[in-house]
Amino acid sequence: MREKGKTIQAGVIGWPVEHSLSPRLHGYWLKKHGIDGTYVPMAVTPDGFENFLANLCDQGITGVNITVPHKEAALKAVTVVDEKARRIGSVNTIRVEETGELHGSNTDGFGFMENLKEGAPEWTPDLGPVTVLGAGGAARAIVVALMDAGVQELRLVNRTKERARKLAGDTGGPIVVTDWDKRNEALGDTALLVNTTTLGMTGKETLNLDLSSLPPMAVVTDIVYAPLITPLLKQAKELGHLVVDGLGMLLHQARPGFRHWFGVDPKVTDDLRTHVLEGIPK
Ligand code: ATR
């Protein structure tokens, strides 16, 4: 049981975890708000994960974020899962109750939508089809968030078609699964293009995409934030599209956890963006 008046402790569990930007991000907010709290990286192997979670309360920890590769395991290991996390199929934020109960939620979709709202305030779900590239864990959260926002047609394009079919089957909704080889054609009348694949990330292959059939008003966003302006965003910008980079998704997804654990809804500011960007290896 936690003792009153003691430093609030939170952190991020991953394997490996040393590259996580979350301690830098939460550390900034803790300092900014003068909160007596800590937020630390916790390196936990997949084998030790369940046991580690079960002992969080005894260690005096108020909450944790969950990162790769534990997000799906966390869904199974928590006591209570909120509805969104269940539909997404993974947990990225855990609240530890005084009783030891673990409440799991997933804030990735929230982070994505908040970032989009901020970067492209004029985009609305009724403007036309949304094309999402990729069908991994991040895509699941984004697809659920976009459908909940009211998107009427979502084209899901993934190299491994079966994975896209599985995602569409699990989430339901107006999803049209499209072949990876047909990705250029899928862009016609698209109002929002989202890259959730790892293509374009520093050290990975570039995303090979021809944007010529993308309508001029279409917004283009990438969840990759290293580099901040990916080759896709650069290409889209040159063609005159409004682009939204991926850093804001990382920053906004952290807000609900911080608010639960430390009692303040923190702001995403330019100064925070600069601070977190400085933590990304060049
Ligand atoms: P995350 O959980 O961050 O979304 P992930 O589950 O590893 O990460 O998913 C990575 C996404 O990038 C997948 O959609 C993957 O496609 P597959 O499902 O076919 O693996 C996509 N991806 C990675 N490398 C790719 C490549 N060379 N070409 C096309 N898609 C690629």
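Predicted model: local features only at pLDDT ≥ 70, side-chain atom pairs only at ≥ 80, totals over all residues.
Rings of Phe, Tyr and Trp (taking the six-membered ring of Trp) count as a pair if their centres lie within 6.5 Å.

- Searching the whole structure turns up four aromatic pairs.
- One of them brings together Trp-29 and Phe-258, with ring centres 5.4 Å apart and planes at 65 degrees; planes over 60 degrees apart count as edge-to-face, so that is what this pair is.
- This pair links distant parts of the chain, since Trp-29 sits in helix H1 and Phe-258 in helix H10, 229 residues apart.
- Trp-29 is buried, with a relative accessible area of 1%, and Phe-258 is buried too, at 0%.
- Trp-261 and Phe-262 make another edge-to-face pair, 6.4 Å from centre to centre and with 90 degrees between the planes.
- Both Trp-261 and Phe-262 are buried.
- H10 itself (residues 255-262) is mostly covered, with six of its eight residues buried.
- Those six are Arg-255, Pro-256, Gly-257, Phe-258, Trp-261 and Phe-262.
- Just past the end of H10, Gly-263 has a positive phi of about 80 degrees.

**Strand E1 and its partners**

- E1 is another mostly covered element: five of its seven residues are buried.
- On one side of the pairing list is strand E2 (residues 37-43), which runs parallel to E1 over seven bridges.
- Within E2, Met-42 is the residue that stands opposite Ile-13.

**The nonpolar cores**

- The largest nonpolar core has 28 residues, and the ones touching the most other members are Phe-112, Leu-116, Trp-123, Leu-146 and Leu-154.
- Several elements each give this core at least two residues, among them helix H5 (108-119), strand E7 (130-133) and helix H7 (161-171).
- Helix H6 supplies the largest share, with six residues.
- Leave out neighbours up to four places away in sequence, and Leu-154 touches Val-130, Val-132, Val-143, Leu-146, Met-147, Pro-174, Ile-175 and Val-176.
- There's also a second, separate core of 22 residues, including Val-12, Leu-247, Trp-261 and Phe-262.

**Salt bridges**

- The count of salt bridges comes to 17.
- In one of them, Lys-161 pairs with Asp-179, with the closest N and O atoms 2.9 Å apart.
- Lys-161 lies in helix H7 and Asp-179 in strand E9, so this bridge ties together parts that are 18 residues apart in sequence.
- Lys-161 is partly exposed at 26% relative accessible area, and Asp-179 is partly exposed at 29%.
- Arg-165 and Glu-162 also meet in a salt bridge, at 3.0 Å from N to O.
- These two are three residues apart in helix H7, so about one helical turn separates them.
- Arg-165 is partly exposed, with a relative accessible area of 43%.
- Arg-273 and Asp-245 form a further bridge, at 2.8 Å from N to O.
- That one links distant parts of the chain: Arg-273 is in helix H11 (residues 270-277), while Asp-245 is in the loop between strand E12 (242-244) and helix H9 (247-253), 28 residues away.
- Asp-245 counts as buried, at 14% relative accessibility.
- Finally, Glu-83, Lys-84, Arg-87 and Asp-148 are linked in a network of salt bridges.

- The peptide bond from Trp-15 to Pro-16 is cis, with omega near 0 degrees.
- You'll find Pro-16 in the loop between strand E1 (8-14) and helix H1 (22-32).
- The peptide bond from Ala-226 to Pro-227 is cis as well, with omega near 5 degrees.
- Pro-227 belongs to the loop between strand E11 (219-222) and helix H8 (231-238).
- Asp-189 isn't a glycine, yet has a positive phi, near 50 degrees.
- Look for Asp-189 in the loop between strand E9 (175-179) and E10, where Asp-189 counts as partly exposed at 49% relative accessibility.

Technical notes
Residues numbered from 1 in each chain as written. Heavy atoms only, no water. Core = buried A, V, L, I, M, F, W, Y, C linked by side-chain atoms within 4.5 Å. Buried < 20%, exposed > 50% of the residue type's maximum accessible area, 1.4 Å probe, protein only. Helix = DSSP H or I, 4+ residues; strand = E, 2+ residues; numbered from the N terminus. Contact = heavy atoms within 4.5 Å. Pairing = 2+ DSSP bridges. Phe/Tyr/Trp six-rings, centres within 6.5 Å; stacked < 30°, edge-to-face > 60°. Salt bridge = Lys/Arg side-chain N within 4 Å of Asp/Glu carboxyl O.
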